[in-house]
Amino acid sequence: MTDTPNIETDHFRAIDTGRLFETDQSDHAPRILLLYGSLRKRSFSRLMTEEAARVLNRFGAETKTFDPRGLPLPDETEADHAKVQELRDLVSWSEGMVWCSPERHGAMTAIMKAQIDWIPLSLGAVRPTQGKTLAVMQVNGGSQSFNAVNQLRILGRWMRLLTIPNQSSTPKAFLEFDDNDRMKPSPNYDRMVDVMEELVKFTLLTRGRADYLVERYSERKETGAALIKRVNQRAG
């Protein structure tokens, strides 16, 4: 049952357990980028993201949060726009990400989607998101829903991110924060902590070997120039 005449032997690789279980580990703090999806003065997705960043810091991660104010709509301007470059530089810096969106009209917000749309699948021959970890969260104005996190998962898969199993959806978010804009103790808070704990664990497990985890037979068959041409065609 190993007769595979369609496989080009020169590009087929057996699983390299040495690379998969490499013992040399990076010793810097896990680098996590957080994105949120609202520009409101009291944005609950931003407040949730701030709480998540505090928890990530407690777990030993280094965090940076992108402020979407001033980010143009995709295709409204060129990619050399300062806010676009800021976002892309942060994505390149990160080893994992947190995406937190409000649910609006049964979907993620346009602000959330615009940020993701400005993140390219490829920068030359480098894919800035491929193999990095992702946690998804949403806040709701009413009862609990999972529409936004489900959509974020689809986007994470499309961006070839390693999206962790756990997720957070907080209903009636306006009741979850006190007058100091801190999240109150609750099962919803505990769930957010669970998600951040899982994200840090998966990031520590996969960083340093992410390139190998997403290495593919089909792409080994292509030259670097052909790969850039194909990926850029799809991105356009």
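Keep in mind as you look around that the model is predicted.

Start by selecting F44 and F177, and show their side chains. The two rings form a tilted pair, with 5.7 Å from centre to centre and 35 degrees between the planes. Now colour by secondary structure: F44 belongs to helix 2 (residues 44-58), while F177 lies in the loop between strand 6 (168-170) and helix 6 (187-206). The pair thus links distant parts of the chain, 133 residues apart.

Next, select K64 and W93. Here the charged end of K64 sits over the ring of W93, 4.5 Å from the ring centre.

For the last two stops, switch to the backbone. Most residues other than glycine have a negative phi, and the next two stops are worth a look with that in mind.

You will find D75 in the loop between strand 2 (62-65) and helix 3 (82-93). Its relative accessibility is 76%, so D75 counts as exposed.

Then go to D181, which is not a glycine either and has a positive phi of about 60 degrees. D181 is in the loop between strand 6 and helix 6, the loop that also holds F177. With a relative accessible area of 26%, D181 is partly exposed.

Notes:
Residues are numbered from 1 along each chain as its sequence is written. This is a predicted model: local features need pLDDT of at least 70, side-chain atom pairs count only at pLDDT 80 or more; totals for chains, interfaces and linings use all residues. Side-chain values use heavy atoms; hydrogens and water are left out. Rings of Phe, Tyr and Trp (its six-membered ring) pair if their centres lie within 6.5 Å; planes under 30 degrees apart count as stacked, over 60 as edge-to-face and the rest as tilted. Helices (H or I, at least four residues) and strands (E, at least two) are DSSP runs, numbered from the N terminus. A charge sits over a ring if NZ of Lys or CZ of Arg is within 6 Å of the ring centre and within 35 degrees of the ring normal. Buried means under 20% relative accessible area, exposed over 50%, partly exposed in between (1.4 Å probe, protein chains only).
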